[in-house]
Amino acid sequence: MSTPTAVAAPGSEPAVPEILPVAAASQRRRGALGIRVAAAVLGLVVLAVVAAPLLAPYDPNAQDLLLGATAPGTDGHLLGTDQLGRDLLSRLLFGGRPVLAVSVLAALLAGAVGILLGVLSGHLGGLVDDALSRLTEIQLAIPTILLAIVVIGFGATGLPVLVAILVLAEWPLFFRLSRSVVAALRGQPYLAAAVSYGASRARIVMLHLGRAVLPVAVVAFTLTFANAIALESSLSYLGLGVQPPQSDWGSMVAQGKAQLSDAWWISILPGLAIAVVVFATNRLGDRLADRASLGDHGGELGG
């Protein structure tokens, strides 16, 4: 028995399967799952790091030179110990605190500076736009490692200095994204209508343009946060970041690099922690960007 086939009526357009809405819905579901998984991983890491005093089984700085480096699961140490006999799990939990604190603070400050300058540049245009754009290009031309070496070479150390270096390295991303959004909206009729109704420049910038920049800023924050973690860990690995006796994941990787063949866990485990957080944050940023893109075209796709 043959299956009936749909035939278009004379003079009518042939039936076209609604592929685009189905593909868009499937992509939204995958994006939502990706966001949930990435957010869950980040949430667990942040929760564990914040609750380090409660979860850490040992004092992270307590040394046992007689014990030395022991493999994971030995003598009650779940992740083993380092070459000084310090519990690695405790050091991982406490070592994540400066990493996350510095990265979050740097991303927030970089976002505040970059968005403010980007909105002003895109809204005002002219000489202001040219000057700020040239400043951004100069900043992007300076390698972060070189900037850190110069700053620390003058004797400036500590977490505030590290945050300042990361802010200088990261604000151009927020600037460029917010400037492009605001420049595209500068000639919109609703802004001219707001001016004609007596809205102040501050109200236009904060209410109308700031609201338009917010979705882009959220995505930029996740990417900047991941980049700040990688930069902070790299600087600490080189001895330019967190200074002893405090430690973080980057310095822990550096401390165990000479014993990779005999005690791989000393460097590999903090390196995995960095990789997992950076990967999850980047995936979260990518999925948020995909969702924003689908949201922009959702009505068009949905027909």
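Colleague: Which residues is Trp265 in contact with, leaving aside its neighbours within four places in sequence?

Modeller: Ala69, Thr70, Ala71, Pro72, Leu79, Thr81, Leu88 and Pro270. Contact means heavy atoms within 4.5 Å. Keep in mind that this is a predicted model: local features need pLDDT of at least 70, side-chain atom pairs pLDDT 80 or more, while totals for chains, interfaces and linings use all residues. Numbering runs from 1 along each chain as its sequence is written, and side-chain values use heavy atoms, without hydrogens and water.

Colleague: Which core has Trp265 among the residues with the most contacts?

Modeller: The largest nonpolar core, with 26 residues. Such a core joins buried Ala, Val, Leu, Ile, Met, Phe, Trp, Tyr and Cys through side-chain atoms within 4.5 Å.

Colleague: Which helix gives the most to it?

Modeller: Helix 10, with 9 residues. Helices are DSSP runs (H or I, at least four residues), numbered from the N terminus.

Colleague: New topic. How many aromatic pairs are there?

Modeller: The whole structure has 3. Ring centres must lie within 6.5 Å (six-membered ring for Trp); planes under 30 degrees apart are stacked, over 60 edge-to-face, the rest tilted. One of them is Trp171 and Phe175, edge-to-face at 5.9 Å and 80°.

Colleague: Where do Trp171 and Phe175 lie?

Modeller: Both are in helix 6, 4 residues apart.

Definitions and conventions
Helix = DSSP H or I, 4+ residues; strand = E, 2+ residues; numbered from the N terminus. Buried < 20%, exposed > 50% of the residue type's maximum accessible area, 1.4 Å probe, protein only.
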